[in-house]
Amino acid sequence: MKKKLLGKTPEELKTLAVAAGLPAFTGKQLAQWLYVKRVRSFEEMTNISKAGRARLAELYEVGVSEPVGMALSSDGTKKYLFPVNCPKASGLDAYEEARGNELEEAAVEAVMIPDEDRRTLCVSSQSGCRMGCKFCMTGRQGFHGHLSAADILSQFIAVEESQDLTNAVFMGMGEPLDNYDNVMRAIEVLTADWGFAWSPKRITLSSIGVIPNLKRYLDGSRCHLAISLHDPFSEERASIMPVEKAWHIEDVVRLIRQYDFSGQRRVSFEYIMFSGLNDSKRHGDALIRMLRGLECRVNLIRFHKIPGFPYESSPAPVMEAFRDRLGANGITCTIRASRGEDILAACGMLAGQHGKNKES
Ligand code: SF4
């Protein structure tokens with residue numbers, strides 16, 4: 001299996017170029033082609049000698065995976081399907097260490113959401129997910145493996161809108177903080193001057209609260225954070241989100257309070273509203289107590305009905321009353337618009353199977 005160059009730093013690219021018998025400055029040229037011009041083949045790297053390109057192609061792959069499917073929603077949202085080979089082991093080098101027969105073939109989805117002058121890409125970080133949230137289609141399908149940094153970055157490069165993307169959210173398939181090294185490497189490439197040169201303000205990572213890696217993320221990055229909260233009561237949250245048994249939401253919020261979100265960096269809390277489950281006044285009051293004094297936003301999300309799932313969304317008037325109650329108590333709260341529902345691209349609906357019944 002050839003090494004993929006996508007996801008490597010200029011220094012690592014230099015080492016690989018020298019190992020292939022090319023001059024050291026080829027490392028910088030490769031970074032330019034990969035991250036600025038975003039080419040898909042060595043052929044296109046025209047300032048590297050023909051012999052040099054041939055040698056690189058012999059030893060390495062560029063690493064961009066092309067989508068194998070695309071669905072277009074009536075609201076302009078696009079869902080792309082990418083094939084991936086996932087090693088189940090964690091870590092940045094897992095791909096390189098894994099031999100072919102240890103890889104599992106799978107697929108992931110990325111969703112491009114247009115909104116006035118914004119083009120946001122919602123990317124996947126794992127194929128499937130092992131967090132097992134009861135309301136999530138990805139969670140139901142189980143875990144197929146971690147994406148490499150190359151597979152995460154491919155989603156940015158291979159979509160038609162690559163050069164027009166304005167924002168990224170790590171809210172697709174998988175729990176990004178369960179694949180920490182690869183996600184952080186992708187973020188490094190997105191934000192480095194030698195990479196995509198995006199401001200960290202353009203990136204939001206969404207997590208259900210894997211505390212040890214959440215702390216590393218808060219210390220090691222300046223990107224925004226979204227926490228999937230969904231229920232302020234520990235026992236109830238544990239019944240829909242098994243992660244609560246390992247890391248309590250109260251401890252997640254306690255950790256977040258230690259960081260400054262009054263400036264450029266933002267934290268938001270996602271709250272899917274399930275009818276009769278987490279949408280009462282009691283829940284609203286507990287949420288207000290939990291978040292009081294924290295500079296944050298709460299996004300209320302309608303639950304998108306999925307066949308075979310026992311949940312119903314709260315009706316609009318209940319959601320509006322919940323929003324108003326939080327707002328009246330000083331918590332910025334909005335009802336998030338649903339996008340791409342007709343192509344199963346909305347929150348909780350991704351499953352990595354194109355145009356089929358997504359349940360597994
Ligand atoms: Fe995994 Fe997120 Fe789905 Fe939970 S909601 S199972 S963390 S993808």
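Tutor: Helices (H or I, at least four residues) and strands (E, at least two) are DSSP runs, numbered from the N terminus. The model is predicted: local features need pLDDT of at least 70, side-chain atom pairs count only at pLDDT 80 or more, and totals for chains, interfaces and linings use all residues. Residues are numbered from 1 along each chain as its sequence is written, and side-chain values use heavy atoms, with hydrogens and water left out.

Student: How many helices and strands are there in the protein?

Tutor: Under the DSSP definition above, the protein has 13 helices and 14 strands.
The radius of gyration (taken over C-alpha atoms) is 21 Å, close to the 21 Å from the globule rule (2.2 Å times the number of residues to the power 0.38) for 360 residues, so the protein is as compact as a globular protein of that length. The count asked for is 13 helices and 14 strands.

Student: Why is helix α6 described as largely enclosed by the rest of the structure?

Tutor: Buried means under 20% relative accessible area, exposed over 50%, and partly exposed in between (1.4 Å probe, protein chains only). The buried residues of α6 include Asp151, Gln155 and Phe156. Helix α6 (residues 149-158) is largely enclosed because its buried residues number 10 of the 10.

Student: Which side chain makes a polar contact with that of His146?

Tutor: His146 lies in strand β8 (residues 143-146), and because its relative accessibility is 1%, it counts as buried. A polar contact is a pair of N or O atoms within 3.5 Å; within protein, one must be able to donate a hydrogen and the other to accept it, and residues adjacent in sequence count only if both atoms are side-chain atoms. At 3.1 Å, the partner of His146 is Gln126.

Student: In which sense do strands β12 and β13 pair, and what is the handedness of the crossover between them?

Tutor: Two strands pair if DSSP finds at least two bridges between them; β12 (residues 267-273) and β13 (residues 297-302) have six, in the parallel sense. The chain passes from β12 through helix α12 (residues 281-291) to β13. A crossover is right-handed if, with the strands pointing away from the viewer, the path from the first strand over the helix to the second runs clockwise. The pairing is parallel, and the crossover is right-handed.

Student: Which residue of β14 stands opposite Leu300?

Tutor: Strand β13 is joined by four bridges to the parallel strand β14 (residues 332-335). Opposite Leu300 stands Ile335.
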